[in-house]
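Work through the exercises below with the model open.

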Amino acid sequence: MTQASPTRLPLTIAITAALLLPSCSQTQQPTQLSAQANTVQTPQVQATAAQAKAFIARAEAELAHLSLEQNRAEWIYSNFITEDTAALAASVAEKVTAAQVKFATEAAQYSQVKLDAENHRKLHLLRSMLVLPAPLDPAKNKALADIAAELNGLYGKGKYCPEGQPCQTLPELSATMASSRDPKQLEAIWTGWREIAKPMRPLFAQEVALTNEGARDLGFNDLSQLWRSQYDMSPQAFSQELDRLWLQVKPLYESLHCYVRGELNQTYGDDVVSQHGPIPAHLLGNMWAQQWGNIYDLVAPDNADPGYDVTELLHNAKYDEKQMVKQAEQFFTSLGFAPLPDTFWQRSLFTQPEDRDVVCHASAWDLDNEDDIRIKMCIQKTGEEFVVIHHELGHNIYQRAYRHQPHLFKNSANDGFHEAIGDTVALSITPAYLQQIGLLDTIPDESKDIGLLLKQALDKVAFLPFGLMIDQWRWQVFSGEISPEHYNQAWWQLREQYQGVKAPVARDETDFDPGAKYHVPGNVPYTRYFLAHILQFQFHQALCELAGNTGPVHRCSIYNSKAAGDKLNRLLEMGMSRPWPDALEEVTGTRTMDASAVLDYFAPLKVWLDKQNSQAGRQCGW
């Protein structure tokens with residue numbers, strides 16, 4: 001779930017989860033960076049529009065040049081994790097951060113200058129698009145770069161090594177989490193993986209202190225305020241927007257939670273899963289309990305088996321990892337998008353190497369801000385990974401679509417848009433689509449829709465509170481509401497509050513469970529994924545109308561619709577050149593994010609869930 005590096009000023013786009021952003025080259029040669037890059041120019045008494053435009057052009061050209069260096073260093077580090085590549089990546093990150101901080105600080109002197117809309121937007125982006133703002137002190141800048149690289153390395157090299165058994169990587173552990181139904185085994189794996197995060201705790205606390213100092217140097221109260229200022233509205237208004245969207249979908253989530261808890265109670269008994277209260281997090285088929293689709297077999301409705309499993313279909317059709325990617329590419333070409341370049345197939349990473357450590361988290365990359373797009377995945381031949389591949393290629397298609405934009409606009413309208421595009425396509429992986437591409441012989445009739453909708457809800461609806469709470473935790477950490485002494489306690493309080501899940505074993509402040517999730521040590525903002533899970537349904541509903549769909553929206557596939565592809569491409573080509581409501585309106589006709597499309601999509605399921613919970617006499621909530 002990501003672009004290519006933690007969303008920095010459009011420099012690398014690996015969103016995904018993360019993840020992480022774009023760029024383009026300019027004709028002006030960048031100046032050579034040095035320790036003096038942190039020196040802030042004295043504000044001019046009367047800055048002119050010409051001076052402001054010259055500054056913007058200079059900053060944009062230098063950042064475009066630096067992005068190429070950073071993208072390559074990060075790609076090499078993520079694919080060859082060693083102390084040397086970590087040092088190289090940290091060195092480049094230090095240089096880039098210095099430039100970003102210098103330009104962000106310098107941009108303030110032009111804040112009162114009247115500019116045309118394009119340059120005014122660029123000036124705001126220069127000031128606010130930092131993810132990890134370093135302090136002006138060069139020594140602290142270097143310390144921040146070193147910490148960020150070390151955190152990323154701790155995660156990338158992480159393994160669980162049971163006593164007397166071979167060490168296991170995250171993909172191996174995740175496969176067991178998905179398939180095992182032994183609570184003791186799941187508890188051991190769940191606990192073992194989180195051991196990798198304990199050394200991160202002091203580093204993370206240092207990182208928070210340094211980035212908060214950097215945010216204050218830019219005129220923000222803390223890093224939370226800076227992160228929330230990137231959505232074409234005030235930070236407070238954005239927080240209120242998230243609350244509004246969550247309240248729209250919360251009743252649907254609570255119905256799903258109630259049903260799943262009841263079914264797990266029948267499977268495991270009261271000693272493992274209470275009929276009331278939070279669900280133990282290790283029983284939901286995913287290392288982080290963020291998506292629950294892997295336990296579908298435990299909660300599936302009677303007589304709702306659609307008669308197929310995508311993992312089995314892929315196996316029966318002899319799909320290997322590359323063929324899975326080829327099929328995802330074919331979906332986009334069916335909409336009218338150009339095929340992926342030859343370099344994509346030559347340079348991407350599709351499988352986990354046996355001879356070295358790599359960061360296996362799926363991500364999409366744009367190394368030259370033009371056509372050198374790639375994905376990096378340790379692909380497992382499963383239905384879930386088939387969807388993830390469509391998602392990652394959505395990032396690549398987006399990256400290529402806005403390659404003609406100026407450097408500062410080589411990004412999505414907001415970061416939720418980048419995540420949503422691939423997921424919008426994934427919603428079209430319907431039985432009808434599977435039949436069209438030759439994987440499925442017969443489309444199940446509508447009597448099987450509840451089962452299919454439940455399976456989707458276990459991933460997409462179950463994800464919503466998780467997608468929201470990670471940054472709710474981080475923003476409170478950044479603001480000081482959560483102190484380092486209470487990192488883990490607050491993490492589990494929020495997980496219970498939003499998700500209704502709990503740790504399977506006692507946790508304390510020697511643990512650092514947030515660090516077991518890639519996006520925390522990777523410094524990837526996570527609210528984008530929550531927004532994406534709202535936006536994808538808005539986009540899907542609108543594109544299905546363009547594709548001429550007249551049936552239930554959950555049965556619609558836009559596969560082969562050039563009309564839908566043309567409308568989508570218009571949004572993608574805009575990049576970040578205009579406020580996100582303009583981009584949203586381009587496809588949906590509305591300027592407001594609205595979760596009612598989620599409710600419409602799952603409306604038949606909500607009725608069914610409430611009926612099941614009522615008939616079983618379940619008391620919902622936790």
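Buried means under 20% relative accessible area. The model is predicted.

**Exercise 1. Ile 56**

Task: Decide whether Ile 56 is buried or exposed, and find which residues it contacts beyond its sequence neighbours.

Solution: 
- Step 1. Ile 56 lies in helix H1, residues 49-79.
- Step 2. Apply the cut-off. Ile 56 has 1% relative accessibility, so it counts as buried.
- Step 3. List the contacts. With neighbours within four places left aside, Ile 56 is in contact with Leu 115, Asn 119, Lys 122, Leu 123 and Leu 126.
- Step 4. Ala 73 is 17 residues from Ile 56 in sequence, and their C-alpha atoms are 26 Å apart.

**Exercise 2. Met 177 and helix H5**

Task: Say why Met 177 counts as buried, and what covers the buried residues of H5.

Solution: 
- Step 1. Locate Met 177. It is in helix H5, residues 170-179.
- Step 2. Check accessibility. The value for Met 177 is 1%, so it is buried.
- Step 3. Widen to the helix. Buried in H5 are Leu 170, Pro 171, Leu 173, Thr 176, Met 177 and Ala 178.
- Step 4. Find the cover. It includes helix H4 (138-156) and helix H6 (183-193).
- Step 5. Return to Met 177. Beyond four places in sequence, Met 177 touches Leu 186, Ile 189, Trp 190, His 282, Gly 285, Asn 286 and Met 287.

**Exercise 3. Arg 374**

Task: Determine which side chain makes a polar contact with that of Arg 374.

Solution: 
- Step 1. Arg 374 sits in strand E3, residues 373-376.
- Step 2. Its relative accessibility is 9%, so Arg 374 counts as buried.
- Step 3. The side chains of Arg 374 and Asp 372 are joined by a polar contact of 2.9 Å.

**Exercise 4. Two helix pairs**

Task: At what angle do the axes of H17 and H23 cross, and which residues of H19 and H21 meet?

Solution: 
- Step 1. The axes of H17 (residues 449-479) and H23 (residues 603-615) come within 9 Å and cross at roughly 95°.
- Step 2. Angles of 65 to 115 degrees count as roughly perpendicular, so H17 is roughly perpendicular to H23.
- Step 3. H17 brings Ile 450, Leu 453, Leu 454 and Ala 457 to the contact, and H23 brings Pro 604, Leu 605, Trp 608 and Leu 609.
- Step 4. By class, the contact of H17 with H23 has 8 nonpolar residues, no polar and no charged.
- Step 5. Turn to H19 (residues 527-546) and H21 (residues 580-588). Their axes come within 8 Å and cross at roughly 35°.
- Step 6. Leu 535, Gln 538, Phe 539, Ala 542 and Leu 543 of H19 meet Leu 584, Val 587 and Thr 588 of H21.
- Step 7. The contact of H19 with H21 divides into 6 nonpolar, 2 polar and no charged residues.

**Exercise 5. The cores**

Solution: 
- Step 1. The largest nonpolar core has 172 residues, and among those touching the most other members are Leu 256, Trp 292, Phe 417 and Trp 473.
- Step 2. A second, separate core of 18 residues includes Ala 52, Leu 66, Ala 107 and Leu 115.
- Step 3. Back to Phe 417. Beyond four places in sequence, its contacts include Leu 535, Phe 539 and Leu 584.

Methods:
Residues are numbered from 1 along each chain as its sequence is written. This is a predicted model: local features need pLDDT of at least 70, side-chain atom pairs count only at pLDDT 80 or more; totals for chains, interfaces and linings use all residues. Side-chain values use heavy atoms; hydrogens and water are left out. Helices (H or I, at least four residues) and strands (E, at least two) are DSSP runs, numbered from the N terminus. Buried means under 20% relative accessible area, exposed over 50%, partly exposed in between (1.4 Å probe, protein chains only). A polar contact is a pair of N or O atoms within 3.5 Å; within protein, one must be able to donate a hydrogen and the other to accept it, and residues adjacent in sequence count only if both atoms are side-chain atoms. Contact means heavy atoms within 4.5 Å. Axes are lines fitted to C-alpha atoms, for helices over the stretch in contact, and angles run from 0 to 180 degrees between N-to-C directions. Angles under 35 degrees count as roughly parallel, over 145 as roughly antiparallel, 65 to 115 as roughly perpendicular and the rest as oblique. Ala, Val, Leu, Ile, Met, Phe, Trp, Tyr, Cys and Pro count as nonpolar, Asp, Glu, Lys and Arg as charged, and the others, Gly among them, as polar. A nonpolar core is a set of buried Ala, Val, Leu, Ile, Met, Phe, Trp, Tyr and Cys residues joined through side-chain atoms within 4.5 Å.
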